[in-house]
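Subject: Structure handover

Hello,

Here is the structure I promised to pass on. Please open it and keep it beside you while you read my notes.

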Amino acid sequence: MIMKKILLGMALLAGSLTAKAGNGDLFWNVSGGWQWKNTVNAVIGFEKETKYHNAYELYVDLATAYETCPQHGVVDSKSFWAYKTFGIGGAYKPAFWRGKNSNVRLRMGADLGANRKGFQASIDLGLEYSYSFRSGVQLFVMQKNDFVFWTRDHFRNGLLVGIKIPLN
């Protein structure tokens, strides 16, 4: 009897979830990961999907380039936050491959921001693979290449993993 109630509840839940195409969908996304030259990176963004699964994104990029502490020989709380950067920007993401529940997009963007020494700007190029669940939530992996001007590290590349939460 309990098993029938569980199965009935699961069937009702599955029937209430909607699956639809991605034209006009809005998402909040959060991602984090590691980039070459000892940089931890986090991106918080707002994304709008357009026709043919292309997308536009407005984002905030936060990063810290950590160092090994010269006194202790390890990364500690002070050396982890040695070089912080911040940027606000936008990206255009045209889709070039589409599967049943997934897609791959090219990510092209730019941002303006600041670091410990002043102003910085960057050009971002990369790839993004996202997998959509029936509820509309998407998991994604972003390969990111940053060409940064007026900063200590002029080139960063790495992987970020994140989640997109639908707003509509």
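First, a term you will need: a cavity is a set of grid points where a 1.4 Å probe fits but cannot get out. Please also keep in mind that this is a predicted model.

**The cavity**

The structure holds one cavity of 30 Å³ or more. About 40 Å³ of space lies in the largest cavity. Its lining is made of D61, T85, F86, G87, D111, Q120, S122, D146 and R156. Two elements each give two or more residues to this lining: strand 4 (83–93) and strand 7 (118–132). Strand 4 gives the largest share, three residues. By type, the lining has one nonpolar residue, four polar ones and four charged ones.

**The overall layout**

Now step back to the whole chain. It has two helices and nine strands. In sequence order, the pattern is α-β-β-β-α-β-β-β-β-β-β. The chain has 168 residues, and 37% of them count as buried. Take the contacts with a separation of 6 or more: residues 24 or more positions apart account for 52% of them.

**Salt bridges**

Side chains of opposite charge can pair when their charged atoms come close. How many salt bridges does the structure hold? There are twelve.

Start with R105 and E49. They form a salt bridge, with the closest N and O atoms 2.9 Å apart. R105 lies in strand 6 (residues 102–115) and E49 in strand 2 (residues 39–49), so the pair ties together parts that are 56 residues apart in sequence. Are these two residues buried or exposed? R105 has a relative accessible area of 0%, so it is buried. E49 is at 3% relative accessibility, so it counts as buried too. The cut-off for buried is under 20%.

R105 has another partner. The side chains of E128 and R105 meet in a salt bridge at 3.7 Å, N to O. E128 lies in strand 7 and R105 in strand 6, so this pair ties together parts that are 23 residues apart in sequence. E128 and R105 are both buried.

Next, look at D146 and R156. Their side chains meet in a salt bridge at 3.5 Å, N to O. D146 sits in strand 8 (residues 138–149) and R156 in strand 9 (residues 155–166), so the pair is described as linking distant parts of the chain, ten residues apart. D146 is buried, with a relative accessible area of 0%. R156 also counts as buried, at 6% relative accessibility.

Some salt bridges share partners. Together they join E47, E49, E57, K93, R105, R107, E128 and K164 into one network.

**The nonpolar core**

In soluble globular proteins, nonpolar side chains tend to be buried together. Which residues make up the largest nonpolar core here? There are six: V43, Y59, A91, F140, M142 and L160.

Leaving out residues up to four places away in sequence, V43 touches N29, V30, S31, E57, Y59, V60, D61, K144 and L160. Y59 and L160 on that list are also members of the core.

**A close look at L159**

L159 lies in strand 9. Which residues does L159 contact, beyond its neighbours within four places in sequence? They are G33, W34, V141, M142 and Q143. Take Q143: it is 16 residues from L159 along the chain, yet their C-alpha atoms are separated by 4.7 Å.

Most residues other than glycine have a negative phi.

One is N38. Its phi is near 55°, a positive value, and N38 is not a glycine. N38 is found in the loop between strand 1 (26–35) and strand 2. Its relative accessible area is 35%, so N38 is partly exposed.

The other is Y52. Y52 has a positive phi of about 60°, and it is not a glycine either. Y52 sits in the loop between strand 2 and strand 3 (55–65). At 68% relative accessibility, Y52 counts as exposed.

Best wishes

Notes: Residues numbered from 1 in each chain as written. Predicted model: local features only at pLDDT ≥ 70, side-chain atom pairs only at ≥ 80, totals over all residues. Heavy atoms only, no water. Core = buried A, V, L, I, M, F, W, Y, C linked by side-chain atoms within 4.5 Å. Buried < 20%, exposed > 50% of the residue type's maximum accessible area, 1.4 Å probe, protein only. Contact = heavy atoms within 4.5 Å. 1 Å grid on protein atoms, 1.4 Å probe; cavity = no way out; pocket = protein on both sides within 12 Å on 5 of 7 lines; lining within 4 Å. Points joined across faces, edges and corners; volume = space filled by probe spheres on them. Helix = DSSP H or I, 4+ residues; strand = E, 2+ residues; numbered from the N terminus. Nonpolar A, V, L, I, M, F, W, Y, C, P; charged D, E, K, R; others polar. Salt bridge = Lys/Arg side-chain N within 4 Å of Asp/Glu carboxyl O.
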